[in-house]
Amino acid sequence: MSVNKVPSALAIGIARGGLEVKQFMRQRESVVFTLAFPIMLLAIFGSVFTNELSDGVTFSQYFVAGMIASGLVNTGFQQLAIMIPVERDFGTLKRLQGTPMPASSYFIGKSIVVFVTMVIQIALLLIAGVLFFGVNLPTDPAKWFTFTWLIILGSAASTALGIAFSVIPKSGRGASAVVSPVVIILQFFSGVFFVFTDLPGWMQQVAAIFPLKWMTQGMRSVFLPDSFAAQEVAGTWETGRTFWIILAWLIAGLVISIKTFKWEQAR
Amino acid sequence: MSSVINVRGLEKSYGANKAVAGIDLTIEPGEIFALLGPNGAGKTTTVEILEGFRDRDRGDVSVLGTDPGVKGEQARKWRNRIGIVLQSTNDAGDLSVYETVAHFAKYYSNPRGVDEVIDAVGLTDKSTALIRTLSGGQRRRLDVALGIIGSPELLFLDEPTTGFDPEARRAFWALIQDLRKSGATILLTTHYLDEAEALADRVAVINQGKIIEVATPALLGGRATSLATVSWKGPNGLQSERTDNPTALIRKLTETYKDEIPELTVKRASLEDIYLEMIGGADVSQ
Ligand SMILES: Nc1ncnc2c1ncn2[C@@H]1O[C@H](COP(=O)(O)OP(=O)(O)OP(=O)(O)O)[C@@H](O)[C@H]1O
Ligand SMILES: [Mg+2]
């Protein structure tokens with residue numbers, strides 16, 4: 001009967017991305033919160049810690065790297081692991097399941113909305129950082145190259161892990177209580193709020209398993225002078241290792257998402 | 001052409017609760033088929049198995065020649081041909097009616113016109129309104145719009161008109177009849193007997209997971225041949241008589257009364273009477 005082919009998963013995924021961005025932008029409170037929260041944190045930490053970590057490296061400079069990295073985790077992992085159970089409770093997912101839209105299109109749509117919100121969030125954070133908190137932007141193109149792949153890879157990994165983790169909360173209502181502590185603990189362990197090398201060794205070792213520590217360290221390699229690398233745990237930026245570890249988490253997140261994704265809460 | 005839906009020996013339990021206890025069902029192309037039954041009878045469970053949402057424990061099921069448990073690309077092709085209106089959905093409402101319908105249209109190979117569908121469900125006035133500002137009945141109409149946007153060959157409707165005002169319900173019936181004219185097959189569940197009577201070619205009454213009877217609305221429960229009750233006002237007040245031949249009785253009465261027979265009524269069992277009798281033994285405690 002139908003002469004046309006069912007639209008491709010990619011085409012539907014891109015349409016979903018546009019729709020999700022539109023939906024996000026209409027939730028004004030959450031837009032303001034998502035975009036302004038990192039700037040508020042930067043303002044607080046920037047005023048509390050005014051010391052220099054080494055010559056020319058202010059705490060704000062160190063902290064902005066951590067804030068960008070944890071922005072990756074917040075807009076992707078945290079947001080999705082909380083929102084998807086809500087959509088599941090509402091029956092939004094079940095309705096989608098009944099259409100020819102495949103799960104992959106849903107994932108693509110989520111990656112797009114995460115990427116877009118994250119880029120806006122980071123742009124605002126950097127603008128505020130430069131204007132008000134004396135943050136210096138790198139001038140070396142190689143650093144901007146690292147910055148770019150870190151954001152793309154980091155946001156993809158964060159999205160995939162958020163979808164994977166979304167099967168754990170049993171309901172939309174309880175999701176935040178399950179997800180937020182995980183994120184906050186990771187932030188403490190990964191050297192977002194404190195200088196990583198000041199943390200106890202065991203914390204550093206636990207953090208090294210998870211991607212946030214690597215995203216943070218990667219961002220430090222972008223925003224801090226190369227001389228600072230000597231103060232890292234390994235004495236270098238470990239850029240190659242950072243890439244592979246985040247990639248491994250991306251793949252793990254994808255595999256788990258594809259294998260375990262649930263459209264409906266089993267009752 | 002083969003049947004659109006073919007079910008043999010379908011069973012499904014939730015723990016110890018046997019929600020579907022051996023159902024057979026055949027639905028032909030172009031048919032409007034209604035499932036009637038009390039709360040908890042197993043209607044939604046049956047329909048959701050046919051829609052591919054739930055697994056079954058036992059039985060053979062074919063929907064448009066495909067097992068609803070199908071996965072991957074095959075599932076997409078199959079879903080492209082069916083439309084679903086679930087019993088309850090509660091979407092987050094930050095999109096307008098038009099945006100939502102237009103978006104769902106992108107999922108299908110041959111979608112209907114967005115404005116045409118919005119008009120068909122009577123939401124033209126609300127086209128630019130955000131979903132969260134819609135009333136319950138208007139949301140339900142949006143559900144129907146999303147169910148038909150893909151020009152489905154087979155449409156599932158689980159209590160589609162719950163929350164509709166009487167006028168909207170009539171308009172919905174006309175919409176369903178139009179869909180059938182264009183060749184679609186329709187399976188709906190309902191608690192409204194007038195709806196089943198107005199729409200359905202055949203009705204299945206289901207209770208405690210079993211189909212009690214399948215018939216046209218006119219023949220259900222031996223309705224056409226059931227006794228009629230003739231009543232009129234006699235010398236000693238209201239009188240009535242149950243008979244299988246009311247015409248003969250009235251002919252006899254006309255001889256007695258010559259003129260008008262006072263307060264004459266002839267009543268056959270309504271679909272509702274028949275239905276209540278059929279499910280009368282129902283254990284409604286669950
Ligand atoms: N997901 C579920 N988990 C456990 N039990 C369920 C589930 N869904 C339905 N049931 C049970 O199965 C039986 C049939 O339910 P079903 O929803 O199919 O009834 P229904 O005929 O659609 O009723 P209604 O007219 O109220 O919509 C009920 O006893 C119900 O409690
Ligand atoms: Mg039901």
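Colleague: Helices (H or I, at least four residues) and strands (E, at least two) are DSSP runs numbered from the N terminus, so which element gives the largest share of the shell around ligand 1?

Modeller: That's α1(B), with three residues. Before we go on, this is a predicted model, where local features need pLDDT of at least 70 and side-chain atom pairs count only at pLDDT 80 or more, while totals for chains, interfaces and linings use all residues. Residues are numbered from 1 along each chain as its sequence is written, chains are lettered from A and ligands numbered from 1 in written order, and side-chain values use heavy atoms, with hydrogens and water left out.

Colleague: Got it. Which residues come nearest to ligand 1?

Modeller: B:G40, B:K43, B:T44, B:T45 and B:H191, out of 16 residues around the ligand. A residue counts as near if one of its heavy atoms lies within 4 Å.

Colleague: And why call the site shared?

Modeller: Because residues from both chain A and chain B surround ligand 1.

Colleague: Which side chains have polar atoms by the ligand's nitrogen and oxygen atoms?

Modeller: B:R54 puts a polar side-chain atom 3.2 Å from a nitrogen of ligand 1. For B:Q87 the distance is 2.9 Å, to an oxygen atom, and B:E159 has a polar side-chain atom 3.3 Å from an oxygen of the ligand. The cut-off for a polar contact is a pair of N or O atoms within 3.5 Å; within protein, one has to be able to donate a hydrogen and the other to accept it, and residues adjacent in sequence count only if both atoms are side-chain atoms.

Colleague: How much of ligand 1 does the protein bury?

Modeller: 76% of the 630 Å² that ligand 1 exposes when taken alone. Those areas come from the Shrake-Rupley method with a 1.4 Å probe, and for residues only the protein chains shown count as cover. As for the shell, β2 (17-27) and α1 (43-50) of chain B are the elements that give two or more residues to it.

Colleague: What's the shell like by class?

Modeller: Four nonpolar, eight polar and four charged residues. Here Ala, Val, Leu, Ile, Met, Phe, Trp, Tyr, Cys and Pro count as nonpolar, Asp, Glu, Lys and Arg as charged, and the others, Gly among them, as polar.

Colleague: Now the magnesium. Which protein atoms are its donors?

Modeller: OG1 of B:T44 and OE1 of B:Q87, at 1.8 to 2.1 Å from the ion, which is ligand 2. That pair links distant parts of the chain: B:T44 is in helix α1 of chain B, and B:Q87 sits 43 residues apart from it, in the loop between β5 (82-85) and α3 (97-105). Donors are N, O and S atoms within 2.8 Å of the metal (3.2 Å for Na, K and Ca), and water is not among the atoms, so sites may look incomplete.

Colleague: Is B:T44 buried or exposed?

Modeller: Buried, at 18% relative accessibility. B:Q87 is partly exposed, with 36%. Buried means under 20% relative accessible area, exposed means over 50%, and partly exposed is in between (1.4 Å probe, protein chains only).

Colleague: Changing topic: how many aromatic pairs are there over all chains?

Modeller: 24. Rings of Phe, Tyr and Trp (its six-membered ring) pair if their centres lie within 6.5 Å; planes under 30 degrees apart are stacked, over 60 edge-to-face, and the rest tilted. Take A:F45 and A:F193: their centres are 5.3 Å apart and their planes at 20 degrees, so that pair is stacked.

Colleague: Where do those two sit in chain A?

Modeller: A:F45 is in helix α2 (residues 28-48) and A:F193 in the loop between α7 (172-189) and α8 (201-207), so the pair ties together parts 148 residues apart in sequence. Both A:F45 and A:F193 are buried. They also belong to a cluster linked by ring pairs, whose members include A:F59, A:Y62 and A:F228.

Colleague: What about phi of B:S151?

Modeller: Near 45 degrees, a positive value in a residue other than glycine. B:S151 is in the loop between α5 (136-148) and β6 (154-158) of chain B. B:Q208 also has a positive phi, about 50 degrees, without being a glycine; that residue is in the loop between β8 (202-207) and β9 (210-215) of chain B.

Colleague: Last one: how many helices and strands does chain B have?

Modeller: Nine helices and 12 strands. Of its 286 residues, 50% are buried.
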